[in-house]
Amino acid sequence: MGRAFQNRKESMAKTADAKTKVYSKYGREIYVCAKSGGTDPSGNLTLRGLIDKAKKDQVPSHVIDKAIDKAKGSGGEDFSSARYEGFGPGNCMVIVECLTDNPNRTFGDVRGCFTKTKSKIGTQGTVSHMFDHCAIFAFAGDDEEAVLEALMEADVDVTDIESEEGRITVFAPHTDYAKAKQALLDAFGELEFEADEIQFLPQTHTPVEGDDVAMFEKLIDMLNDLDDVQNVYHNAELPESA
């Protein structure tokens, strides 16, 4: 039984407006990543992973190129990361990651989503201590020992490794993301990553049932509709039919 992680596939584009939102979120994330870590993907592994992910989610090249070009210039928008935490319907735990150029506006927008769904936003640390902040890599393979050996030789603090149905999944501390990815590429060449993420993984799950299910889905939809929201993590366990 594998550790559940969000395989971040945006529910792709049923409308032009939905596509625009997905492109905008990737564009902002790529811009911030290139601005802080360098615009050359070969020297900025986080950027390289983001670009690969964007292409898989069918983000057009011109959106990616525009974000990188913008990061090469001086000035530009001043985005900062912000994280909000709280309790959603059914007392499940929710973490919201944002990139914002106006933290006051973003906090108000996120708080509004919680308020309108009878949820409660808390202070930083309210629920994040109940999640593991992990770098996650998943790719085709079955030689768990070889992968573990390559990572240990690179001094990566592997927290978990799984081999299941022809897929290997590696979990490491988020601070070891670049080191772990480089070690995998050095050892196995160009890997096709099914997952290449930094995520918050819940340590426990909270069942959400009855009327709370619709309210929980409303909260997640409202948060994902906000331009400043990049990722939403939770520990809700929904009924099979939900």
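So, to start us off: does Lys 118 count as buried or exposed? At 73% relative accessibility, Lys 118 counts as exposed. The cut-offs here: buried means under 20% relative accessible area, exposed over 50%, and partly exposed is what falls in between, with a 1.4 Å probe and protein chains only.

Before I go on, some housekeeping. This is a predicted model, so to speak with care: local features need pLDDT of at least 70, side-chain atom pairs count only at pLDDT 80 or more, and totals for chains, interfaces and linings use all residues. Residues are numbered from 1 along each chain as its sequence is written, and side-chain values use heavy atoms, with hydrogens and water left out.

Okay, back to Lys 118. It sits in the loop between helix 4 (103-116) and strand 3 (120-122), and its phi is positive, about 55°, although Lys 118 is not a glycine. Glu 165 is another one to look at: its phi is positive too, about 50°, and it is not a glycine either. You'll find Glu 165 in the loop between strand 5 (160-164) and strand 6, and it is exposed, with a relative accessible area of 82%.

Now the whole thing. The protein has seven helices and 10 strands; those are DSSP runs, H or I of at least four residues for helices and E of at least two for strands, numbered from the N terminus. The radius of gyration is 18 Å, close to the 18 Å the globule rule gives for 242 residues, so the protein is as compact as a globular protein of that length. That radius is taken over C-alpha atoms, and the rule is 2.2 Å times the number of residues to the power 0.38. The C-alpha trace spans about 50 × 45 × 35 Å along its principal axes, and 43% of the 242 residues count as buried.

What about contacts, meaning heavy atoms within 4.5 Å? Taking those between residues at least 6 apart in sequence, 72% join residues at least 24 apart.

Let's walk through some helices. Helix 2 covers residues 45-56, and at 1.5 Å a residue its 12 residues should span 16 Å; the end C-alpha atoms are 17 Å apart, which agrees. The expected span, by the way, is 1.5 Å times one less than the number of residues. Its buried residues include Leu 45, Leu 47, Leu 50 and Ile 51. Just after helix 2, Gln 58 takes a positive phi of about 65°.

Last stop, Lys 25 in helix 1 (residues 16-37). This lysine is buried, with a relative accessible area of 9%. Leaving out residues up to four places away in sequence, Lys 25 touches Asn 224, Leu 226, Asp 227, Val 229 and Gln 230. Over in strand 9 (residues 229-234) there's Val 232, buried as well at 7% relative accessible area.

Terms used: Contact means heavy atoms within 4.5 Å.
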